[in-house]
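Dear colleague,

I am handing over the structure below for your files. My notes on what was found in it follow.

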Amino acid sequence: GDAYMQLKEYAKATEYLEKAAKANPQSAGVRTELALSRLAGGDMAKGTAELEAAAEMAGSPLQTDVALIYTYLSKRDFDKALKAVDALDKKQPNNPLAHNLRGGVYVAKQDAANARKAFEKALAADPAYYPAAANLAQLDLRDKNPQAARKRFDGVLAADKNNVASMVTIAALERSAGNEKASVEWLD
């Protein structure tokens with residue numbers, strides 16, 4: 001099933017993953033793979049139902065919850081996406097990913113205030129969590145505040161002085177501000 005997924009032959013992938021799920025019905029991982037093959041093949045209803053079932057199973061992988069959240073987002077079902085984020089947060093309360101995903105849902109809802117709060121919670125949970133800093137910086141740039149955006153990455157570097165993504169982003173910010181020398185220094 002996984003091989004057929006890689007080949008983008010979703011009908012064949014689904015066929016084999018259905019057999020695997022029947023052989024091991026308590027495997028949340030197999031059920032997740034089956035759901036993903038259904039979604040990739042265009043069967044949104046069965047794929048979503050399969051993801052919902054897999055997310056409820058004990059030991060479901062993180063991938064299950066993330067895929068479910070993105071599925072709800074693709075359907076623009078923001079309330080269900082937020083409930084799925086809440087479920088992920090309960091499973092892994094110290095993981096900044098849940099806060100970052102919550103922020104993404106709020107961005108999709110065009111609720112910048114709550115998005116900021118969620119991204120800030122992600123950074124509070126892990127000050128070196130680049131995705132939340134990048135999301136906050138996007139909001140800062142949208143608000144025409146490049147200095148605030150820059151500070152986001154300074155904060156990540158304060159927590160992880162070797163964070164290459166932050167260095168490259170600061171270089172890009174410097175370049176867009178016309179500071180070529182500073183940009184090159186950050187890249188070096």
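A surface patch, as the term is used here, is built from residues with over 30% relative accessible area and no salt bridge, and nonpolar side chains are joined into one patch when they lie within 5 Å. Please keep in mind that this is a predicted model.

Nonpolar patch

V164, V168 and L187 make a nonpolar surface patch of about 280 Å². Of these residues, V164 belongs to helix α11, which covers residues 164-176. V164 has a relative accessibility of 56% and therefore counts as exposed, the cut-off for that class being over 50%.

Overall fold

The protein has 12 helices and zero strands, so its pattern along the sequence is α-α-α-α-α-α-α-α-α-α-α-α. Along the principal axes, the C-alpha atoms fill a box of roughly 60 × 35 × 25 Å. The protein has 188 residues, of which 41% are buried. Its accessible surface is about 10400 Å², and carbon and sulfur atoms account for 52% of that area. Taking contacts between residues at least 6 apart in sequence, 39% of them join residues at least 24 apart.

A buried valine

V156 sits in helix α10, residues 146-159. Is V156 buried or exposed? V156 is buried because its relative accessible area is 0%, and the class takes in values under 20%. Leaving aside residues up to four places away in sequence, V156 touches P127, A128, Y130, A133, N163 and S166. One of these, A128, is 28 residues from V156 along the chain, and the C-alpha atoms of the two are separated by 4.5 Å.

Largest pocket

The volume of the largest pocket is about 160 Å³. Which residues line the largest pocket? The lining consists of E52, A55, E56, D65, L68, Y72, K80, K83, A84, A87 and K91. Helices α4 (44-56), α5 (62-74) and α6 (78-91) each supply at least two residues of this lining. The largest share comes from α6, with five residues.

Loops with positive phi

K8 is a residue other than glycine with a positive phi, near 65°. K8 lies in the loop between α1 (2-6) and α2 (10-23). With a relative accessibility of 59%, K8 counts as exposed.

Q110 is likewise a residue other than glycine with a positive phi, here near 60°. The loop that holds Q110 runs between α7 (96-108) and α8. Q110 is exposed, since its relative accessible area is 73%.

Helix α8

Helix α8 spans residues 112-125 and contains N114. The relative accessible area of N114 is 28%, so N114 is partly exposed; that class lies between the 20% limit for buried and the 50% limit for exposed. N114 and G104 are 10 residues apart along the chain, and their C-alpha atoms are separated by 9.8 Å.

Regards

Definitions and conventions
Residues numbered from 1 in each chain as written. Predicted model: local features only at pLDDT ≥ 70, side-chain atom pairs only at ≥ 80, totals over all residues. Heavy atoms only, no water. Patch = residues over 30% accessible without salt bridge, like charges linked within 9 Å, V, L, I, M, F, W, Y side chains within 5 Å. Areas by Shrake-Rupley, 256 points an atom, 1.4 Å probe, with all protein chains shown as cover. Salt bridge = Lys/Arg side-chain N within 4 Å of Asp/Glu carboxyl O. Helix = DSSP H or I, 4+ residues; strand = E, 2+ residues; numbered from the N terminus. Buried < 20%, exposed > 50% of the residue type's maximum accessible area, 1.4 Å probe, protein only. Contact = heavy atoms within 4.5 Å. 1 Å grid on protein atoms, 1.4 Å probe; cavity = no way out; pocket = protein on both sides within 12 Å on 5 of 7 lines; lining within 4 Å. Points joined across faces, edges and corners; volume = space filled by probe spheres on them.
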